[in-house]
Amino acid sequence: MHRLALVLALGIACCGAASSASAQATLKTVQARGHVLCGVSQGLPGFSAPNDKGQWSGLDVDFCRALAAAIFNDPAKVTFVPLSAKDRFTALQSGDIEVLARNSTWTLSRDTALGLDFPAITFYDGQGFMVRKSLKVSSALELTGASICTQTGTTTELNAADYFHAHNMTYEMVAFATNDEAIKTYDTGENGRCDAFTTDIAGLSAERLKLANPDDHVVLPEVISKEPLGPAVRHGDAQWADIVRWTHFAMITAEELGVSAATVDTMLKSPNPEVRRLLGTEGNAGEQLGLTKDWVVRIVKRVGNYGEVFERNVGKDSPLGIARGQNALWTKGGLQYAPPIR
Amino acid sequence: MTNESDSAPGRRFRLTPAAVRAAALQAALVGAVVLLAWSLIATARQNLADQHIASGFGFLQQTAGFDVSQSLIAYNRSDTYGRVFLVGLANTLLVSVLGVLFATVIGFAVGIARLSPSWVLARLAGAYVEITRNLPLLFQILFWYLLMIGVLPGPRQSLEGPFGLVLNNRGLILPQPVAGVGLEWVAVAAGAAVVAAAVVSRWARARQARTGRGFPAGRVSALLIVGVPLAVFLLLGQPLTLAPAELRGFNFIGGIRLVPEFVALVAGLALYTAGFIAEIVRAGIQAVDRGQSEAAASLGLRPGRTLQLVVIPQAMRVIVPPLTSQYLNVVKNSSLAMAVGFPDLVAVFAGTTLNQTGQAIEIIAMTMAVYLAISLLTALAMNLYNRRLAPVGR
């Protein structure tokens, strides 16, 4: 009994000490540990998926590598934590990861009530539907009464509910814990459990590659929602949010100024003041973020600019073959726009 | 803490040094537990406030905004998260109750069959037990699910049975019963038949106790309960019609539909748990001394009656405690629903709702409280039943 009371007292003392630790200074924690803890999906080709050698690759993965390059000058100093849609925000809130790069949609309630911040939009997407060609459906408006497979715990379920109710259509949502289970169920059987599969359009292209016969399926033209996807961080550490935000902006600015992995070394001698500020040969933008002056050189040399990362992972150099579209630079009619680095 | 003053009622509590020390230690322990709990809650609140994460139970009144594929109670997207909680709870309870029911029936049948003198039956039962007990439950649920959605045809090529039964990979569709004029009288007749059956059983038991002469009360009761409402039903001109579902667009409209997710989950839970229950039943029967069966046989009881009247009642005392823990397992294992997309409490509340609102602490606490309450109530009911089975001295 004496011993039990002693153990309890010790327990209380240790909890009290733990609670006084501050939520600030994520950068210091990361630097002290030596690598970034980055939450990614459990396998969405093009965004984050392990390849046959067990290395993670994808747009979201490269964002984390860019962060590691900016902080450590080594894109390998990232530990990827695969998370399901339903666990991802809890993992970030509880400190299991420092940044969540998991094709997550920026919404008001996530920004406010979940205690998160969405510093940047790395991919503009929208929700769509995929069906079997044999159904001979050409529009989502013909999906009355359809069974639809999806992953639970995402904005997808909410958008589908809004869309079907707004158009006065009935439907049946079959929601699974993970995308893999949902797509497997959609693909099982000659005329499967679900008539349609729904997620973001880019996700549809990626999941389609996992089907037995990808050519038997078609993505319907309707885009039923706005899905601004980007990294999320915990609310309350403005410095860390700034680093995440400006890492993305730096990659966009690099593309805009023609700074790529191949040209970055020669660009260091560029007389263009914008390029000089970006690459740290003039001013101290990197130091203002708590990094080094050459932070963008590190990012672009090790990982690439936004356009390179896009084409390599989801664009024309990838099996997904997604067009730049909304994700083109603002100078080319797209939405990717970075505030000035000065 | 048993000492002499506890075991001697009527004697006054004496303030011995040992008693004071014991009381002080107990008070200190309670205080430490309360302090620990309070410090945990305070820490959590502080951390949530620091991170600007909303807390409290206000979210239960917010509009959920998503749909649920299967709901026992009325629900649509404009209902609240509180309603979602009830939808999930009802689905969890439905799956658990059906799982327990089927597992018990199958488990007893297999357990008894395993001790059957028929070599084939006993071996078949043994194989069933080995297969179901040794394969992971999740695997079994997925097996039934993939079997259903993989082998069954799509809605347009459905298998159609009698009475408007339809089977396809969207589920088993039963016709919707539509009440006609006078159906209430059938219900009244059924109620009266149940009462009459109870009276007959009581009378038969009393007469057997008095005179020793038996009466086939079971068969008569069954005849009453089935026959009387059926007669009234036919006399009133069959006041109940079945409206079969019809194929429209992608799927059948109308009817009562059991979705494959539900069927696979209940089948997986029931067949898996039945393997364990069969072993418990076998052990219980073998725990009854052989002499009991031999004595019954020497009285001229046939083997079936011996099992029913002599062996099973004694075996139940051995069977019930481990059976209780199997029932609790069914309730807990029903949370594997997520893997096949069935909207149980864990899927829609600790899953979707948690993800939409982010209020992990409140939602997990509520979910834990629900499972704890179900488990405690199940254990309580089974313990009461077990107490009734205890031998009564005459």
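In this predicted model, the crossing of helices α3(B) and α12(B) is right-handed. Helix α3 spans residues 81-114 of chain B, and helix α12 spans residues 360-389 of chain B. The two pack at an angle of about 30 degrees. Their axes lie 12 Å apart. Angles under 35 degrees count as roughly parallel, so α3(B) is roughly parallel to α12(B). On the α3(B) side, the contact is made by B:F85, B:L89, B:T92 and B:L93. On the α12(B) side, B:M366, B:V370, B:Y371 and B:I374 make the contact.

In chain A, UniProt places the feature "domain: Solute-binding protein family 3/N-terminal" at residues 35-267, in an unreviewed entry. Over residues 35-267 of chain A, the chain is 33% helix and 26% strand. The end C-alpha atoms of this stretch are 29 Å apart.

Helix α2 of chain A covers residues 26-33. Its buried residues are A:T26, A:L27 and A:V30. Seen down the axis of α2(A), these residues fall within an arc of 100 degrees, so they line one face of the helix. An α-helix has 3.6 residues a turn, so residues three or four places apart point the same way. The face of α2(A) turned away from the buried side carries the exposed residues A:K28 and A:A32.

Several elements of chain A cover the buried residues of α2(A). Among them are the strands β1 (36-40) and β13 (227-234). The helices α3 (59-72) and α9 (238-256) of chain A also belong to this cover. Just after α2(A), A:G34 takes a positive phi of about 100 degrees.

Methods
Residues are numbered from 1 along each chain as its sequence is written. Chains are lettered from A and ligands numbered from 1 in the order in which they are written. This is a predicted model: local features need pLDDT of at least 70, side-chain atom pairs count only at pLDDT 80 or more; totals for chains, interfaces and linings use all residues. Side-chain values use heavy atoms; hydrogens and water are left out. UniProt positions are given in the numbering used here, feature names are shortened, and annotations may be inferred rather than shown by experiment. Helices (H or I, at least four residues) and strands (E, at least two) are DSSP runs, numbered from the N terminus. Buried means under 20% relative accessible area, exposed over 50%, partly exposed in between (1.4 Å probe, protein chains only). The arc is that of the directions from the helix axis to the C-beta atoms. Contact means heavy atoms within 4.5 Å. Axes are lines fitted to C-alpha atoms, for helices over the stretch in contact, and angles run from 0 to 180 degrees between N-to-C directions. Angles under 35 degrees count as roughly parallel, over 145 as roughly antiparallel, 65 to 115 as roughly perpendicular and the rest as oblique. A crossing is left-handed if the near helix is turned anticlockwise from the far one by less than a right angle, and right-handed if clockwise.
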